[in-house]
Amino acid sequence: MSYQVITVTLNPAIDRTYVVEGLQTGALNRATTVRWDAGGKGINVARALKQFEVSTLATGFIAGSQGDALVNKLNEEQIPNDFFKVSGETRVNIKLLDPNTGLTTEVNEAGFEVNEVIIEAFLSKLDQRVKGASFLILSGSLPVGCPKDIYARIIERYRGTSLRIALDADHEALVNGVAARPFALKPNQFELNKLIQTPIENESEIGKEAEKLQRSGIEPVSY
């Protein structure tokens, strides 16, 4: 079966959110409510597209029992998925929300590790999955051991095909990916600052930088 959109989440997570009223560091805190979700930027995109009834497949890496739980959660949400399982354990991201202040404190794990052999096996599988697809969404952070140019490599891999690739990343993965000229780009202000290595003060400056990226060959730039 082919899908219109393929989303890639290389470093997904179990997102656990604890609501803690009057959160205090260095003290015992009790959560009033707890929830968990299958997390990761690409997964979030797949979840949103499902609401619009767009044919979408979520893929990437998973590991361990947490990875199995993540896939089960996606199946419960009826989000089509096909993740490449590796050794280790899928990370858990902890969010502590204090409703009294509206502030959220986050603690993110590193998660599993990959190597070049695993990456090449995943890319071969991706080659099969993108057949018939119109869009490929590359989103989020990279797992331990993953080369910082992985998104750029994927963009180059499908250059010359009809596949349109959108990139949403940060740090070196963003810089390398932009150099490979994806079809579309979605940096936030922090990521754009890192990309151009210059502080941006207002929306006018953001717009000018977005126009520069468009002139370089990236068509839509959303921020």
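Q: Which side chain meets Asp-127 in a salt bridge?
A: Arg-157 does, at 2.8 Å from N to O. Keep in mind that this is a predicted model.

Q: How many salt bridges does the structure hold?
A: The count is 11. One of them joins Asp-68 and Lys-85, at 2.7 Å from N to O. Asp-68 lies in helix 2 (residues 64-76) and Lys-85 in strand 5, so this pair ties together parts that are 17 residues apart in sequence.

Q: What does Asp-82 pair with?
A: Arg-129. Their closest N and O atoms are 2.9 Å apart. Asp-82 is in strand 5 and Arg-129 in helix 3, 47 residues apart.

Q: Is Asp-82 buried or exposed?
A: Asp-82 counts as buried, because its relative accessibility is 17% and the cut-off for buried is under 20%. Arg-129 is partly exposed, at 26%.

Q: Which residues are linked in a network with Asp-82?
A: Lys-125 and Arg-129, through salt bridges.

Q: Switching to helix 3 itself. How many residues does it have?
A: Helix 3 has 14 residues, 116-129. From first C-alpha to last it reaches 20 Å, close to the 20 Å expected at 1.5 Å a residue.

Q: Which of its residues are buried?
A: Ile-118, Ile-119, Phe-122, Leu-123 and Leu-126. Seen down the axis of helix 3, they fall within an arc of 135°, so they line one face.

Q: What covers the buried residues of helix 3?
A: The cover includes strand 1 (5-9), strand 4 (56-63), strand 5 (81-86), strand 8 (135-139) and helix 4 (150-157).

Q: And what's exposed on the other side?
A: Val-117 and Gln-128 are exposed there.

Q: Last one. What reaches the backbone nitrogen of Val-117?
A: A side-chain oxygen of Asn-115, to within 3.1 Å. That contact is at the start of helix 3.

Technical notes:
Residues are numbered from 1 along each chain as its sequence is written. This is a predicted model: local features need pLDDT of at least 70, side-chain atom pairs count only at pLDDT 80 or more; totals for chains, interfaces and linings use all residues. Side-chain values use heavy atoms; hydrogens and water are left out. Helices (H or I, at least four residues) and strands (E, at least two) are DSSP runs, numbered from the N terminus. The expected span of a helix is 1.5 Å times one less than its number of residues. Buried means under 20% relative accessible area, exposed over 50%, partly exposed in between (1.4 Å probe, protein chains only). The arc is that of the directions from the helix axis to the C-beta atoms. Contact means heavy atoms within 4.5 Å. A polar contact is a pair of N or O atoms within 3.5 Å; within protein, one must be able to donate a hydrogen and the other to accept it, and residues adjacent in sequence count only if both atoms are side-chain atoms. A salt bridge is a side-chain nitrogen of Lys or Arg within 4 Å of a carboxyl oxygen of Asp or Glu.
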